Amino acid sequence: MRLIFARHGESQANVEQIISNRDLPHPLTKQGKAQARELAEMLTQRNMSAIYASPLLRAQETAQIVSERVGLPLMTTDALREFDCGIAEGRGDAEAWQLLNDVVADWSNRQNYDQRIEGGESFNDMLDRFKPFVNSLIEEFGSRSGNVLCVTHGALLTQMLP
């Protein structure tokens, strides 16, 4: 088994530069849908066993496009959800982005894994939901030859995979 992690396609929140890690209504853009179709085409050449996605709209839309193309059901899991940015959610102002950048720097540069934006999640919170999920995939699919797609988000990928 091989785990394939993919970030969702471009979303309206990306274009508007809004922090949107809760269930805010920011769908994929036209470009994001094209990116999802490209991913789907690439994966038709792989032996796919399962597709999992974050519950956030942009990840769901990306995974649904892949799901329809490769003919597998989409399974949703909170384990792949982006980290909650607390009081910065729904904002695109400089202060909100500074809060996000500061917490990620605390995790990456200072190994302060309990640091969080007020009302949000820490690195350890993400790890507590991500690690058991990956272990369950290894247990379920580890002896198989197929691939498992996990559609998720940028910070989760850059913080959890290393």
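Phe123 is buried, with a relative accessible area of 11%, where buried means under 20%, exposed over 50% and partly exposed in between, for a 1.4 Å probe and protein chains only. This is a predicted model, in which local features need pLDDT of at least 70 and side-chain atom pairs count only at pLDDT 80 or more, while totals for chains, interfaces and linings use all residues. Residues are numbered from 1 along each chain as its sequence is written, and side-chain values use heavy atoms, with hydrogens and water left out.

Rings of Phe, Tyr and Trp (its six-membered ring) pair if their centres lie within 6.5 Å, and planes under 30 degrees apart count as stacked, over 60 as edge-to-face and the rest as tilted. By this rule there are 5 aromatic pairs. One of them joins Trp107 and Phe123 edge-to-face, at 6.0 Å centre to centre and with 65 degrees between the planes. Because Trp107 lies in helix H4 (residues 94-110) and Phe123 in helix H5 (residues 123-141), this pair ties together parts that are 16 residues apart in sequence; helices (H or I, at least four residues) and strands (E, at least two) are DSSP runs numbered from the N terminus. Trp107 is buried as well, at 1% relative accessibility, and Phe83, Trp107, Tyr113 and Phe123 form one aromatic cluster.

Turning to strand S4 (residues 147-152), 6 of its 6 residues are buried. Two strands pair if DSSP finds at least two bridges between them, and S4 runs parallel to strand S1 (residues 2-7), joined to it by 6 bridges, with Ile4 opposite Leu149.
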